[in-house]
Amino acid sequence: MRSLGRPQQPLIGRHGETRLIEELIGAARAGQGGVLVLRGEAGIGKSALLEHTREAVTGFLVVHATGSQFESELPFAALHQLCRPLCTPSLGYLAELSPRHQEVLDIAFGKLTGTPDLVHVGLAALELMATAARHQPLLCLIDDAHWLDTESARVLAFIARRIDTDPVAMLMSARIAEPAHELDELPALTVDRLSEADARALLASARQTPLDDRVRERIVAEASGNPLALLQLPDLGAFALPDTSSVPTRIELSFQAKLADLPDAARLLLTVASADPTGDPVLLWAAAERLGIDVAATSAAVAGTGLVEFSTRIRFHHPLARSAVYLAADDAQRRTAHRVLAEVTDPELDPDRRAWHRAEAATGPDEDVAEELERSAERARARGGMSAAAAFLERAAELSLDAVKRVERTLDAARAKFDVGAFDVADTLLTTIENTGLDMCQRSHCDLLRGRVAFIRYHYEDGPNFMLRAGRRLAEWDPEWSRECFVDALAMSVVAGRPSGVLELILDAAMTSAPPSPKPDVLDALITLSAKGYRAAAPLLRKVLHGDGEPLWATRHALAVEIAAALWDPHSHAAIAESLVREGRESGSPIALRLALAELASAAAMTGDVGKAMAAIAEESAIADATGGRPVYYHQLRLAAIRGRRQEATELIDQAMAAARERGTDQLTANVHWAAAVLHNGLAEYQAALTAARNAVDYGDLFLSGFALPELVEAAVRSGERDEAARALESLTERADGGTETILGVTAYARGLVTGAEDDYREAIELLEASPLVPYRARANLLYGEWLRRENRRKECRQQLRIAHDLLTQSGMDAFAQRASVELQATGENARTRSEHAHNQLTMQEMHIARLVATGATSTEVAARLFISHRTVDTHLRNVFRKLEITSRKQLKNLPGLRVGS
């Protein structure tokens, strides 16, 4: 591994693995960071590859962390190991961070109190590593990554995806057969078993005395290419009976065989060491003293086993050695080990690890320990360690002696498990208490949480049903809460996009069970809509949308958006989106901000502000990538449909349809069909648009189908299906009655398509003149221009087509703009060459960076917004300058689509 530095004896049979590691290190040395996860079974040599790399590399600052089975519930434990050397005052890297990032790391590592979210911890740790790498290339070695605590794993995955422009290399090892993990999406290399020739060579190199040929061949056969097995199986005895167990178990047996001849005191000392994940010798010696163990006499015997090294840190030679020792002890010995470790752990400096040891030492319910675990859960929450909080609460519930407190702690644990995405565990916890004599309030909380669990697991009928059950149960006991439960059921169904029939079932249940409200609210408005239609419900919907004091979107985001869409109220839609983004940024919640940005992108796309939509999508995608969230498609679909670029729109439509089938959500399906209808209408492929529009109306709920109706009218008219167009127009007209000028204008041009009356087109243009929905305003001009050309009124049609072409081009609506261009060519006039807008040249992330820089944001500020390093921002900015043929940040301010406020 020449690029690593020091001459090194090559590992036997690992030429391919060392070559890829060499490439990773070489790229980082050249400034191109990267990550590689070594995956394989226990004992396959992953740790040896990490150690070999650490010894061979030169010119790098090397930091190391090891996942621990016993620390997997302690938040940021592994991240703290990795970052601790970088935070030393002598290096000064921490002092170079922004004060906010210094504070975030101090909170995460328990030095300060606060509630940082994982994304900001990740960004702070990324800045710390990037800062260190500016002084010297950085190599991060993470062993046993499958045992990382959840928070550390998420942060490290976040960092790994963002170091491509920094001289940082991350090399990790993880078991191949472990359950799904945060690191699963990172580049990985499977470390395979050794060939028979390499196995014999390794066995020969490790043995000072030769083995009998038959013994050697049997060991090679039983080890089956596992290096650790080759080194440990001889200790079981050359003529042991054949064993059909797995290699890791055989290896553990070889470790346990080394315990057989040890005195009881030495075995107990090893058990205590195996139960302490910190490896702190001060703790071990203190524990040994409490147990009356003569450390001097026993440590030499323990060291002679080759299982553990006693130095400045207690270090087992392999994770399987630790687990073998721990499992070899009986329950009483393990409880003794944890008890004494709890006694010697400082309750002020390390209260959470002390509480965990006390819990592991408990022989039955213990209210004192349960209360201590509750306090640990509160501290974990304050540090952003929700996974740890959930684990502490679950164990507290198990140890609760008081039945009432056990129920409350189980509910709290279920909520915490839900919050960290452990939905199956949350559901199981709720099942354990549902038949334990819950009071009305507890049973209602249980139903509501089970409804959320069912919904998030795509059981879309079960989710609202639990909400309905809670609503009926609470009708007499807490009328206001009861109505909220019914609204929750409606919101769930709207988000899932259930057919209108499902919504009507919920509304029927609400009408018969919901207690009356002192003044009309959103539930009353939706009941009116279901029972009497849009004409009767529209005034009430408008009233509840804006509210007397507090607007609906302050408490019911999804319903507010859907109602604004149903009313074709773009001003409210934009106001909701902007408000949600402000609240999302203030709250620091990644989920809330993602949904808010998606809504902002959707609103921007519908108004034809392509640059703003691209920027919002880029930021939403960055947060999704940072937090590992599943993709949100509807805002991307709306932009793709508006732009009308066949290939990219079709690819996105296919991806979204696959996701809709997997998730079973009709709302996403309806959005896919609506996007396809707009796309094909723009491309003048009317038969395909007709099929998509029909599906969008059929799949659409009480709200979304309204936006599909104008597409259905146009596609049906162009396809010769005039009766179907007339029926769609009738539905659209009902929705437009007494509505905004925007929907009245859209209905007018749809009516013009059906009737062929010029007055309808003129009315549409007049009504839409002030509408912020520029794409629909432009389509009114386009349709009128097309009608005029067919009437051979060339001069007038050119005027309308020019207006349409200019508006469509400015809005980035390539397909519809091409339609206008073709129509102009048919009159003998070529469309004017469009100016090159930035949105036609930049990627979404480049667009977002350019817009932020145009407002005066620094690279550091942009990096914080997009969760990337400032070096990555500068790399993107150089690409922006090249593509736009500019040389300075100031020039960005005056480019189309990048002006401040655009």
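Ring pairs join W568, F707 and Y776 into a cluster; here rings of Phe, Tyr and Trp (its six-membered ring) pair if their centres lie within 6.5 Å. We're working on a predicted model, where local features need pLDDT of at least 70, side-chain atom pairs count only at pLDDT 80 or more, and totals for chains, interfaces and linings use all residues. Residues are numbered from 1 along each chain as its sequence is written, and side-chain values use heavy atoms, with hydrogens and water left out.

**Exercise 1.** Work out why the pair W285 and F310 is edge-to-face.

*Solution.* 
- Start with the count: the rule gives seven aromatic pairs.
- For W285 and F310, the ring centres are 5.4 Å apart and the planes sit at 70°, so the pair is edge-to-face (planes under 30 degrees apart are stacked, over 60 edge-to-face, the rest tilted).
- Helices (H or I, at least four residues) and strands (E, at least two) are DSSP runs, numbered from the N terminus.
- Finally, W285 is partly exposed at 29% relative accessible area, and F310 is partly exposed too, at 22% (buried is under 20%, exposed over 50%, partly exposed in between; 1.4 Å probe, protein chains only).

**Exercise 2.** Classify the pair Y761 and W787, and find where its residues sit.

*Solution.* 
- With 6.1 Å centre to centre and 45° between the planes, Y761 and W787 are tilted.
- Y761 belongs to helix α38 (residues 758–768) and W787 to helix α39 (residues 774–790), 26 residues apart.
- Both Y761 and W787 are buried.
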